[in-house]
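Please look through the structure shown here, and then read the numbered points that follow beside it.

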Amino acid sequence: MTQKNNLRFFFATICTGILTGILGYLFFFTITEGTGFIFSKFSSNWSKENFFEQLINEKRWIIIIIPAIGGLLVGILTYKFSPLASGDNTDLFIERFHYTTKRPRSRNAIVKFFASIITLVTGGSGGREEPLSHVGLTIGEVIGRWFKV
């Protein structure tokens, strides 16, 4: 690689890391604040320390209804906009990166990002790492095209 290519690669890497870090922070912040906001509407004296004890003692049906509504919203979102965003597609992204010329669709990462936020905010089961890895991959791919690396 020439020095010019090294410099472009360096700046593309820095931009990807910064943007992915910002989105990761927003993702975590949204999940934390969103969960508190949604569940505090159903608890008279909401606090993070004994939150689930309060729900079990006050309104048990909330523990079932809110995640079900979240699951319904996520199902509609993924079905309507990006069926590939459902489930674990990390292996698919890695395979596409290494073995094919197909580029990941940005829409899949965006839908997975928002579907994961809805899932986690409404009390569904899921992790924070996979949606952020997809977003980071998509950001890196787009920035790599812009910098031509």
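This is a predicted model: local features need pLDDT of at least 70, side-chain atom pairs count only at pLDDT 80 or more; totals for chains, interfaces and linings use all residues.

1. Is isoleucine 62 buried or exposed? Isoleucine 62 is buried, with a relative accessible area of 0%, where buried means under 20% relative accessible area, exposed over 50% and partly exposed in between, computed with a 1.4 Å probe on protein chains only.

2. Residues are numbered from 1 along each chain as its sequence is written, and side-chain values use heavy atoms, with hydrogens and water left out.

3. The protein has six helices and zero strands, helices being DSSP runs of H or I with at least four residues, strands runs of E with at least two, both numbered from the N terminus. Of its 149 residues, 31% count as buried.

4. Helix H6 (residues 129-147) has 19 residues, which at 1.5 Å a residue should span 27 Å, and because its end C-alpha atoms are 26 Å apart, the two values agree; the expected span is 1.5 Å times one less than the number of residues. The buried residues of H6 include Pro131, His134, Val135 and Thr138. Just after H6, lysine 148 takes a positive phi of about 55 degrees.
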